[in-house]
Amino acid sequence: MRSSRTFGLATLVTAAVLLTAGCSLGGDDDDGGSEAAGTQTGATTTTGGGGGGGQGGNVLGAVQSRGTLNCGVNEAVPGFGFVTEGGEFQGFDIDYCRVVAAAVLGDADAVEYKPLTAEQRFTALQSGEIDVLIRNTTRTASRDGSEGATFLTTTFYDGQGMMVRADSDYQELEDLAGATICVLSGTTTELNLESQFQARGVEYTPLAFEDNDPLQQAFTAERCDAWTSDKSQLAGVRSNWPEGQGGPEALRILDVTMSKEPLGPVVRDGDSNWASAVDWAILATMQAEEFDISSENIDEALESDDPEVRRFLGQPAEEDGSVFDPGLGLPTDFAVNVIREVGNYEEIYNRNVGPDSALGLERGLNALWTDGGLHYPPPYR
Amino acid sequence: MSATTTAVTRRPPPWRDVRVLRLALQALFLLGVVSLVLFLLDNLVFNLRRLGIETGFGFLDQPAGFAIPDSDFRSSQDIQAAILQGARTTVVVALAGIVLATLLGVVVGVARLSTNWLVRRTAALYVETFRNVPVLVIIVFLYLAVFLRLPPISRAVEWVDVLVLSNRGLVVPWLRGTGSTGSFLLAALVVLALAAGVWVWRTRRFDRTGEKHRRVLWAGATLLAGLAVAFVATGRPYGLSLPERGDLGVANGFRVGPEFAALLFGLVLYTASHIAEIVRGSIQAVARGQTEAANALGLSEFQRLRLVVLPQAFRIAIPPLANQFLNLTKNSSLGIAVSVYEVTKVTRVSISQGAPAPQAIAILMLVYLVFSLTIAFFTNLANRRLTLP
């Protein structure tokens, strides 16, 4: 009796082991082929949508079959990624999550927002927890290289700044010798702070926090003398500064730009189809502003005779009634969905960070190339 | 039926032989575990390569790029040096935490058994409060509600030019090394060895002759005399560094920052509440007969505690105490919440600045493993020395 039970157990264990061993060790080829695809993470085995050439995963197909977009966002930066009292996500980056969802799924609200800290964001992207990271992330060489990330079109050209109390008399970075400076850890801000102050030969003490809550407390308690971050973030914080501590007038942002901070959406390396699809969804908002199409006049624009506009909006061409499909895997009228449900770049900008919003940021470098800014959408043909 | 047949011991066939089956099962299990681990590793390497993330440990030689406050670490040094600096901080927090928590825990634990009602209730209140609050909450509370609320540097409290207290830290006078510090330390080592020799000599003399050894007096006197001679002989090995208050901070002296203090005191308060319970339990586990016998011998309460109860209670308390020491060491990783650059925070910052996460976390786990094994080693030593034969 006992020996037959042991024998049965032994058979079970052997079977389990053989199964595991059989599925494993599928070879470590470097060309990214999904040979042992069934057990590898982050990829489905369906063929890439649209044109060929996609290596590895198929995020576009996964998103379309799932029906929602997993978007990595910030929840603590007013103007960019913020949670209102009603629990709604609001901001420039949030709107771009909706742009991608509108383009890929046709529904701007089909987004699952995943708030991430600066230290978690790249790991979350690499592991496949999110499909796209739109979280005021600066494009740098090391992130492109060693973080397994692909950066898409820059949506916001920013720079790093320094915020101090209005009653202090700091004007230049050199005035901050010996000061304690609060910064968020895990950001390019932290690295820039170090290199800028080293370059000037100025001693200082950094105080790096995981997120903005204890940082704000420390700044309020005068634990640190200055707060450094992207200027847009500082503007957002300043706009939200409580009246009990003097309101926005109690703070001053120095007239110094410490670095270039091109902020834009990020996707994972290895899926160029998905990267192209997201990229053109974003470019559609800028192209729409260039054509003067907004959510308010989209219906009139659909009737336009201009062949460029008709092609852009996925309308049948005059001559033969064919509809232009660039092979991105997106529906041919994705631009219409984007504009109608979210708006063009100007609307997104003004709604969240524009001169009339709480942040009060001028377009500056963020204007279209026709207005002296840096946004230059490639032709849609 | 032949009643005289001798039983023939025949080995059963392998598939029914228990010994063979046991070995086979163990081998199969081992094979299963090994193949699972290999599969997971292979999966990891495959996916890292697919994303273009490096799979080796080369990142350790990259320059860190970030600064670590309150240390000599420069941002141009490599990540390996950063992790070592973080480990140093963890060691300081762990050691200081263990010592302080044990002291406080023993005091509170004994107080819980006091005959004085007020003392007993206060100790019970302390234990119940701090045991039931998560340690992270205690640390963050101490930082935000206590240490940040100290006066800002512009209104710092100065005490006779010697102490400066503000929400940027407590600065006390400290010894400043001069040129002859090295030789003084060498001489101090020699004196220490001498004092140890005196201790052993007096103990041996006591064993041989039975005369009072007074070894503490002898060894202590040797130590002090030797250090004094070394101090004079090496000139001025140490100078005094007094705090000087500026607008943005305090120069010189030795500074304990609010972040470090919040982490240390949070850990100490929390762990001490657990240690108090362990001490109380171990005292109560000593047989009642011992207390009664000590009373019968006429020992005072303090003598009874020190000579009879505590030595026996200590024996019982060591394994759970070791546990608490390990917990404190690992809880020091909560320094990330209040910006203390211990090894976990340094690793996290490195990861967010480009180091590959699986390798960096593996190193972090190794560091904590080394700490834990060291603590376990020393407590096992103590355990073995104190076990009843």
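Visitor: Is the crossing where α3(B) passes α7(B) left-handed or right-handed?

Guide: In this predicted model, α3(B) passes α7(B) in a left-handed crossing.

Visitor: What angle do the two axes cross at, and how many Å do they come within?

Guide: Helix α3 of chain B covers residues 117–131 and helix α7 of chain B covers residues 258–285. Their axes come within 8 Å and cross at roughly 120°. The two helices are therefore oblique to each other.

Visitor: Which residues make the contact?

Guide: From α3(B) they are B:Ala123, B:Tyr126, B:Val127, B:Phe130 and B:Arg131. From α7(B) they are B:Leu269, B:Tyr270, B:Ser273, B:His274, B:Ala276 and B:Glu277. By class, the contact of α3(B) with α7(B) has 7 nonpolar, 2 polar and 2 charged residues.

Visitor: There's also α2(B) with α9(B). At what angle do those axes cross?

Guide: At roughly 140°, with the axes coming within 9 Å. Here α2 of chain B is residues 79–111 and α9 of chain B is residues 301–331. This pair is therefore oblique as well, and α2(B) passes α9(B) in a right-handed crossing.

Visitor: Which residues of α2(B) and α9(B) meet there?

Guide: B:Ala94, B:Gly97, B:Ile98 and B:Ala101 of α2(B) meet B:Phe325, B:Leu328 and B:Thr329 of α9(B). The contact of α2(B) with α9(B) has 5 nonpolar and 2 polar residues, and no charged ones.

Visitor: Staying in chain B, where is B:Leu242?

Guide: B:Leu242 sits in the loop between β5 (238–241) and β6 (244–245) of chain B.

Visitor: Why does B:Leu242 count as partly exposed?

Guide: Because there are 17 other C-beta atoms within 10 Å of B:Leu242. A residue needs 20 or more to be buried, and 12 or fewer to be exposed.

Visitor: What is B:Leu242 in contact with, leaving aside its neighbours within four places in sequence?

Guide: B:Leu242 is in contact with B:Asp161, B:Val162, B:Pro173, B:Asn252 and B:Gly253.

Visitor: And what separates B:Leu242 from B:Val346?

Guide: Their C-alpha atoms are separated by 31 Å, and the two residues are 104 residues apart along the chain.

Visitor: Over to chain A. How many helices and strands?

Guide: Chain A comes to 13 helices and 14 strands. Of its 381 residues, 47% are buried. Among contacts in chain A with a separation of 6 or more, 70% are between residues 24 or more positions apart.

Visitor: What does the domain assignment give for chain A?

Guide: Domain 1 is 55–155 + 264–381, and domain 2 is 159–261. The C-alpha centres of domain 1 and domain 2 of chain A lie 30 Å apart.

Visitor: How many residues does the contact take from each domain?

Guide: The contact takes 16 residues from domain 1 of chain A and 17 residues from domain 2 of chain A. The domain 1 side that touches domain 2 has 9 nonpolar, 6 polar and 1 charged residues.

Visitor: Last topic: how many residues does the contact take from chain A and from chain B?

Guide: It takes 53 residues from chain A and 49 residues from chain B.

Visitor: Which elements of chain A each supply at least two residues of that side?

Guide: They are α1 (2–23), α4 (121–127), α5 (141–146), α6 (188–200), β10 (205–209) and α7 (212–220) of chain A. α1(A) gives the most to the side that touches chain B, with 10 residues.

Visitor: What is that side like by class?

Guide: The side of chain A that touches chain B has 17 nonpolar, 24 polar and 12 charged residues.

Technical notes:
Residues are numbered from 1 along each chain as its sequence is written. Chains are lettered from A and ligands numbered from 1 in the order in which they are written. This is a predicted model: local features need pLDDT of at least 70, side-chain atom pairs count only at pLDDT 80 or more; totals for chains, interfaces and linings use all residues. Two residues are in contact if their C-beta atoms, placed from the backbone, lie within 7 Å. Helices (H or I, at least four residues) and strands (E, at least two) are DSSP runs, numbered from the N terminus. Ala, Val, Leu, Ile, Met, Phe, Trp, Tyr, Cys and Pro count as nonpolar, Asp, Glu, Lys and Arg as charged, and the others, Gly among them, as polar. Axes are lines fitted to C-alpha atoms, for helices over the stretch in contact, and angles run from 0 to 180 degrees between N-to-C directions. Angles under 35 degrees count as roughly parallel, over 145 as roughly antiparallel, 65 to 115 as roughly perpendicular and the rest as oblique. A crossing is left-handed if the near helix is turned anticlockwise from the far one by less than a right angle, and right-handed if clockwise. Domain bounds come from an automatic or database domain assignment.
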